[in-house]
Amino acid sequence: MTTTLINDELAQLKSRYQSFVNQGLKLDMTRGKPCVEQLNLSDELLNNLNHQDVVVAPDYRNYSPPDLLTGLPAVKTLFADVLCITRDQIIVGGNSSLNLMYDTIIKALIHKLPNQTKSWSEQGKIKFLCPTPGYDRHFAICESFGIEMINIPLTGNGPDMDQVEKLVGNDSSIKGMWCVPKYSNPTGESYSNDTIKRLAAMKTAANDFRIFWDNAYAVHHLDMEDQVEILDILSECTKAGNADRVFMFASTSKITYAGAGIAIIAANKGNHDWLVSQLKAQTIGHDKVNQLRHLKLLPNKDVFMQHMAKHAAILKPKFDIVNEVLSAELGTDGQFAQWHEPKGGYFISFDSQPGLAKKIVKMAQDAGVKLTNAGATYPYGKDPQDCNIRIAPSLPTVSELKIATEVLAVVTKIATLEH
């Protein structure tokens, strides 16, 4: 484009931008919150128990007997069926898997992991590998404990395993790694079989290295006829002779009520027994009444997946409209931006030209469209390229998303042409 053409195009774009500003928009795409229609799918939770349901022996209103410390057997069976793992690997917690992750790191910092002579904190500075772009709350946990974070690029099939293997093989201070293996936040990619097998089998300089396997989107398909399936990391680790390499996490936060669901942690025997030994001192048991409520709503895997199909029917049109507007406004040749078209999960990863993400987010916010802060998908909030923006389509309506995405596209074009 000549300078004259660029200036003419900019003038038209700025006129469109001003029209958005004048509308007084108040649209929020900062986090992957379920919308009201999704939450309504689980409203049976409000009244699906009666007195007889909870007073059967044992009385679930009272303190838990020791054999229920790790959760109701039927709840563990349900999660085992859905996640394709075994029931004896599962510990049922409260409503938040993030809380379980935070808690597990505290335990490893203070208490020696199985077959170890020192806890993490007794070994000096520790580090975590962080596939990027990734989940900001994972990074916040590390930052809160002073754990050094190392960026690992994602490849479309999971983390760059050549880098991962080189780093963990040579540095004993690398004690952990975050993974969102399916419909990753925010790229939507899923780990390939080869990636999972290499993670399970790789040699590590630290014999107390752990992978934090956040399987948050295990059943969050956008098309129930086109589901991605991944290998079970727990069994792969056992096959590779590294049975205690992984802590797996999952929850119903985006399945039932985001603030009142059920979370689980799963691990092979060594890690499982280690967690239980500390759980005995930590709690008498998590909320069994809430576990019962969830069993009434989702009694088995078939009903569970029917429930997820209803979520998909609500979410897919939202993801589709974002892609349609971006394609129409920005084209698909990558001159202005590139973005992922995920098969599941809650996010779309959007990459502008380098150096423009902060400007784009600020301009969108000034027009009434709140996006996740630029840099949030990287440790310490620092995107080396200043290009990645996480789009969260779940909360707004389709019509609101259309407008919000048009704003994003317009400010992207303005920022790019001005640059």
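One definition before anything else: buried means under 20% relative accessible area, exposed means over 50%, and partly exposed is in between, with a 1.4 Å probe and protein chains only. This is a predicted model, where local features need pLDDT of at least 70, side-chain atom pairs count only at pLDDT 80 or more, and totals for chains, interfaces and linings use all residues. Residues are numbered from 1 along each chain as its sequence is written, and side-chain values use heavy atoms, with hydrogens and water left out.

Let's start with the sheet. Helices (H or I, at least four residues) and strands (E, at least two) are DSSP runs, numbered from the N terminus. Two strands pair if DSSP finds at least two bridges between them. So what is the strand order in the open sheet? It runs 2-8-7-6-5-3-4, seven strands with mixed pairing. Strand 2 (90-92) and strand 4 (148-153) stand at the edges. Each has a single partner strand, so one side of each is left without a neighbour in the sheet. From one strand to the next, the twist averages 20°.

Look at one pairing in that sheet. Strand 6 and strand 7 (residues 246-251) run parallel, over four bridges. There, D214 has F249 of strand 7 as its bridge partner.

Now the helices on the sheet. Two conventions here. Contact means heavy atoms within 4.5 Å. Axes are lines fitted to C-alpha atoms, for helices over the stretch in contact, and angles run from 0 to 180 degrees between N-to-C directions. Helix 5 packs on the sheet and touches strand 3, strand 5, strand 6, strand 7 and strand 8 (263-266). Its direction makes about 155° with that of strand 7. Helix 10 (residues 269-282) lies across strand 2, strand 6, strand 7 and strand 8. Relative to strand 2, helix 10 runs at about 25°.

Leaving out residues up to four places away in sequence, W213 touches C179, P181, Y191, I196, L199, I230, I233, V246, F247, M248 and F249.

On to the rings. Rings of Phe, Tyr and Trp (its six-membered ring) pair if their centres lie within 6.5 Å; planes under 30 degrees apart count as stacked, over 60 as edge-to-face and the rest as tilted. The structure holds twelve such pairs. One of them is Y102 with F145, tilted, at 4.9 Å centre to centre and 40° between the planes. Y102 is in helix 5 (residues 97-110) and F145 in helix 6 (residues 136-145), so this pair links distant parts of the chain, 43 residues apart. Are these two buried or partly exposed? Y102 is partly exposed at 35%, and F145 is partly exposed at 28%.

Another pair is Y217 with F347, edge-to-face, at 6.4 Å centre to centre and 85° between the planes. Y217 sits in the loop between strand 6 (210-214) and helix 9 (233-239). F347 sits in the loop between strand 9 (337-339) and strand 10 (348-352), so the pair ties together parts that are 130 residues apart in sequence. Y217 is buried at 6% relative accessibility, and F347 is buried at 4%.

There is also an aromatic cluster: W120, F128, W178, F212, F247, F249 and W274.

Last, the backbone. P133 is in the loop between strand 3 (127-132) and helix 6. N185 to P186 is cis too, with omega near 5°. P186 lies in the loop between strand 5 (174-179) and helix 8 (193-201). Y183 also lies in the loop between strand 5 and helix 8. Its phi is near 50°, a positive value in a residue other than glycine. Y183 is buried, at 1% relative accessibility.
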